[in-house]
Amino acid sequence: MSDIPIIQIKNLTKIFGDGVEIKALDGVDLYIKRGEFMSIIGPSGSGKSTLLNQIGILDTPTSGTILLNGVDVTKMSDKERSRTRNKELGFIFQYHHLLPDFDALENVMIPLLISGVKSSQARKVARKVLDEVGLGDRMKHRPNQLSGGQNQRVAIARALVNKPSIVIGDEPTGNLDSKSSDSIYELLRKLNREHEQTFILVTHDEQMAAKTDRVIRLVDGKVVEDLRDGASVREI
Amino acid sequence: MFELDVATRHIRSRRRQTLFSIIAVALAVGIIIVFMSMMSGYMSILIDSTIENQAHITVMPKEDEDYIHLYHGLEKHIYGQEGVEALSSYFLGEAALQHEHDAEGVLLYGINPNDENRVVNREKDMLTGEFTSLENPGSRIILGYTLAKNLDVEMGDTVTAQIPGAEPADFTITGIFQTGTPVDGTLGFTNLERLQDFYGAGDVVTGMGIRVSDAYAADTMANKIDRETGYDAVSWIEQNAEILNLLETSEGMVYFFYIIIFSISGFGIANILIMIVMEKVGEIGMLMAMGMSRRSIMLIFLLEAGILGMAGVIVGCVLGYGASLAIASITIPVPPEMYFGMDHLPVEIELKNFISASIFAMVINILAGVFPARRASKMDPVEAIYSV
Ligand SMILES: Nc1ncnc2c1ncn2[C@@H]1O[C@H](COP(=O)(O)OP(=O)(O)O)[C@@H](O)[C@H]1O
Ligand SMILES: [Mg+2]
């Protein structure tokens, strides 16, 4: 079971535009193991976000397949995609996208409420996760009453609350100063160790990427480098 | 329900705009309720006064005949019908009335006052004298108020009636009536037998008035009498068809007016929702990423339209009720001929008006929410999330 890759990407291509065509992903092959803590780097416009959104089933590929836990997500209906995102995936973006009219605790409860968990139960679980990200004393604060780093921690708690098997982060520290960035990184690292969830982080910060277990470099929609602990994983 | 929670928070986060759109809906609903109440008031006053002051059914001679000859038999037949409450046979003729130097062309209406009072309560219109003074077949006459003024006569005076080919006859004035309608200047009541005699027509009548228990079924009854007797029976509905039709077409125009008013308030709701959707693009994208279905996204904004609309409708109903009461309580000096003798505007507060205004408003408000809600639900989550 655990030796089956949690994510299998085969010959994935994504072309944007109907007039001028842009090949954002060009035949990407990628296997990711359960519990891996990895980063995707590459120049701006190289297709990092596009790849991440494919893994997050937020978008559909032009060709190729993506298997999550052995299931081909490219063949799913809109409803199944929503359900899979809710159960199996946690999202962290550069902007936290917290709901401004809900406090921290309520924001963290949302994925649970969407999946149909009772409000009282959701509150209990969300409280625990908020504690875990170090915001146990800020539960009643709304996003506009919290700092950028604190909001990003709330967003992380929200991404984790449904116990997804995969957490994806698109430049999760892109909006933060380096001190907050480091502490967010440490938090993600700690969570990865404790929960054995797969973390895939897009970043333009090479130093931060170097601290992850595996680094994939994209250029022009192609994987040009795949290093685990500094050693090449495969021939490209 | 999570969707409802999101919807209420969106609304609460925009207090001022929310308030404005609720006020817009409330004003629309309130205005329309007042309008409907006044329409209902006018309509029912008009109908009531028609039903009160007119025979529900009038039976007239057969075609090419001037009189109903064997009217006693016809009376019996009609009395035998279920729902007939009263019947008054009359003889109607034209004549000139003269008093000293004044003369007026009039309609003389010969009746049995007790029968007539049961078909149309004439007693209540009497300014002086009693309608029943015409009970015995003497030469007595009751004149309309305007007619009496034009002839410059008072109670107890004598007027002379003239028709071609007959001896003039004197009538003593035993009463003056006022209905507030033009008949006050043209009509005189006399005893039926006396008038038959005056016209030398024998024991015949020119028509019958009938009162039925259900005025709204007068049409059916009139048709039945018509069919069974061959006499020409006409209901008040048929007689007033033109006015009633006019009211109905104007009601159609009023609905057009309602749609315009409600549309304006509906635009208010659509406007605030479009603004919320635009402001919440990132939030919508994130909700989708977290697995919220497109249906739920749509539901959030439809609920917002529903909540705003509902609040507006409730406030509007209260407003409309208050305003209707206020208008009903205002006394205004209007000439009695114009408003059927009323001294205030007719307002009828009817539950059905509140219900139809509310349903009408809710339908338009929800429709106003459909466009923004669809737009939100059709968003591409990737574009939405990265649009910020
Ligand atoms: N919705 C889109 N429509 C058209 N082109 C797009 C769209 N999204 C991304 N692209 C293009 O695809 C390429 C890869 O984009 P992206 O994955 O966002 O790059 P990165 O995240 O590595 O900066 C870029 O050239 C970008 O302009
Ligand atoms: Mg990007």
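This is a predicted model: local features need pLDDT of at least 70, side-chain atom pairs count only at pLDDT 80 or more; totals for chains, interfaces and linings use all residues.
Residues are numbered from 1 along each chain as its sequence is written, chains are lettered from A in the order in which they are written, and side-chain values use heavy atoms, without hydrogens and water.

Of the 236 residues in chain A, 53% count as buried, that is, under 20% relative accessible area with a 1.4 Å probe, protein chains only.

I checked the extent of the C-alpha trace of chain A, and along its principal axes the span is about 50 × 40 × 40 Å.

I then turned to nonpolar cores, meaning sets of buried Ala, Val, Leu, Ile, Met, Phe, Trp, Tyr and Cys residues joined through side-chain atoms within 4.5 Å. The largest has 81 residues, and Ile7(A), Ile9(A), Leu51(A), Ile200(A), Leu287(B) and Phe301(B) have the most contacts inside it. Helix α9 of chain B (residues 241-279) gives the most to this core, ten residues; helices are DSSP runs of H or I, at least four residues, numbered from the N terminus.

I followed Leu287(B): beyond its neighbours within four places in sequence, its contacts include Leu99(A), Ile110(A), Ile114(A) and Phe2(B). I also found a second, separate core of 45 residues, with Ile68(B), Val84(B), Phe91(B) and Ala222(B) among them.

Definitions and conventions. Buried means under 20% relative accessible area, exposed over 50%, partly exposed in between (1.4 Å probe, protein chains only). Helices (H or I, at least four residues) and strands (E, at least two) are DSSP runs, numbered from the N terminus. Contact means heavy atoms within 4.5 Å.
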